[in-house]
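Hello,

Here is the structure I promised to pass on. Have a look at it first, and then read on for what turned up.

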Amino acid sequence: MTISTSSWKPSASIETLKVRAHLIRQIQRFFDERGFLEVDTPLMCSSTGTDPNIESISALFKPFADVHPTPYYLQSSPEFAMKRLLAAGSGPTYQICKAFRNGEVGRYHNPEFTMLEWYRPDWDDHALMEEVADLLKLILKCEQVEKFTYREVFQHFFNLDPFHASIEDLQSLVRENHLEADLSLSHDGWLQLIMSHFIEPQLGQTLPTFIYDFPASQAALARIKPENNLLAARFEVYVKGIELANGFHELLDADEQKARFLQDLETRKTQNQPITPLDELFLAALKAGLPDCSGVALGVDRLIMLALNKPSIDQVISFDFLKS
Amino acid sequence: MAVFSTNEFKPGLKILLDHDPYTILENEFVKPGKGQAFNRVKVRNLKSGRVIERTFKSGDTAEGADVNDIEVQFLYGDGEHWHFMDQASFEQYSINEAGVADAKIWLKEQDTCTITLWNGVPLAVMPPTFVVLTITETDPGVRGDTSGGGGKPATLETGAVVRVPLFVQTGEIIKVDTRTGTYVSRVKE
């Protein structure tokens, strides 16, 4: 690495860092006033998420010198630990912490980023969306938000039903939009390509946009809707074309959760990705009983970037990855 | 040739796509929080000049293209081919009309220019940024007008036509910016 004479300097201006500190205090006050418990969970854990699209960064722990180190994982999200607190009776909790994702570097990605995550016992995804909207009105100074289902946005922009379109339909849509993508992708992979390349950039241009009722095949940790098993109780929030938050009416069923983890590991095996141990402590907490709840994770760096109209995430982080 | 992964795609890197050489213009990492990561890459085809957008799965690779630029002297054109010489190695290159493309109206014998080689074969010619050429034909301007407002067309010795101020006359030598095709100044011999 070449060190130029200015490379020691922060990637954000001191002025920006002052506003950042102020906005984070506003977020904390928002949750304090609503009766949340602020919590703090381990960043380094013995297991991690299984999602094939999220790679953890591993850390090697040595209990003492001259032994084989034990692999630990820097957390890609505090979700499992926060759900264990809920199962132990914490009531509503929030946390602002660092999360780590391997390989994610770009204009809107830093491999180490600041995440706001909160949980509401007894709330469903729609009630939680209202609370996310309240926070966005406070920080982004907007009057209102708009909401569409996943199916509605595909129909609106492409007159296409994402649940019934074939892979060939999705591929020809990409071709018609002058994007060369000679890839072998799953049905969900093509939907994600269309979403991220063509739809997302148009979302949230005037008002923060909530997209809900994602396909069940992209449920992640959300429950499947009892009234329609094609849909997951999952939502995402977009502002100025940027994905800002992801929320779930949480899956409570320990057996289904374990089955999803094992399915993820199967996918990882076929894609030659690292296989990490299942989080048995989290599964045990689910078995003991997680209260009915909804939770959401929001990218704080992106929120501050949007509040300050900055073009990239590095401009609101004291030292971005290239300067870390 | 080296193989490059999407996270090594930097502007200016030359790669092979569908057997053609491309230069990378932009590379944006696109990833939904819960979904497939992509690299959305803007590339220029070095043979056709066409710019396209192509999306890769993050971590996919492309083979590097053996493309480099060399400084050469323009020797002469025979109507079908344009001939150049690398002044260091004395190696000669001939390029057809399609390869010379828009550069041909700026090429004057003995001027130095840049050619792009792919696997040692010339792909494209870049004229010098500024060229000094003689006007072979232009209408006589109005006497005494030195403002140059508006201007008039002038044909240069290479066949290029540029707009020049009214006071510039046939036989004079002028400097032209080849990036924009515009007159810069008169040049005194």
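Before the first finding, a word on terms: a polar contact here is a pair of N or O atoms within 3.5 Å, and within protein one of them must be able to donate a hydrogen and the other to accept it. Please keep in mind that this is a predicted model.

With that in hand, take A:Glu131, which sits in helix 3 (residues 125-140) of chain A. Its side chain makes a polar contact of 2.5 Å with the side chain of A:Arg120. Is A:Glu131 buried or exposed? A:Glu131 counts as buried because its relative accessibility is 1%, and buried means under 20%. Leaving aside residues up to four places away in sequence, A:Glu131 touches A:Phe30, A:Arg34, A:Phe36, A:Trp118, A:Arg120 and A:Trp123.

Next, the sheet. Three strands of chain A form an open sheet in the order 2-4-3, with antiparallel pairing. Its edges are strand 2 (44-45) and strand 3 (57-61), each of which pairs on one side only. Five bridges link strand 3 to strand 4 (residues 70-74) in the antiparallel sense; for A:Leu60, the bridge partner in strand 4 is A:Pro71.

Finally, the surface. A:Val105, A:Phe321 and A:Leu322 make up a nonpolar patch there, and together they have about 300 Å² of accessible area. A:Phe321 belongs to the segment after helix 9 (300-307) of chain A. With a relative accessible area of 42%, A:Phe321 is partly exposed.

Key: Residues are numbered from 1 along each chain as its sequence is written. Chains are lettered from A and ligands numbered from 1 in the order in which they are written. This is a predicted model: local features need pLDDT of at least 70, side-chain atom pairs count only at pLDDT 80 or more; totals for chains, interfaces and linings use all residues. Side-chain values use heavy atoms; hydrogens and water are left out. Patches are made of residues with over 30% relative accessible area and no salt bridge: like charges are joined within 9 Å, nonpolar side chains (Val, Leu, Ile, Met, Phe, Trp, Tyr) within 5 Å. Accessible areas come from the Shrake-Rupley method with a 1.4 Å probe; for residues, only the protein chains shown count as cover. A salt bridge is a side-chain nitrogen of Lys or Arg within 4 Å of a carboxyl oxygen of Asp or Glu. Helices (H or I, at least four residues) and strands (E, at least two) are DSSP runs, numbered from the N terminus. Buried means under 20% relative accessible area, exposed over 50%, partly exposed in between (1.4 Å probe, protein chains only). Two strands pair if DSSP finds at least two bridges between them. Contact means heavy atoms within 4.5 Å.
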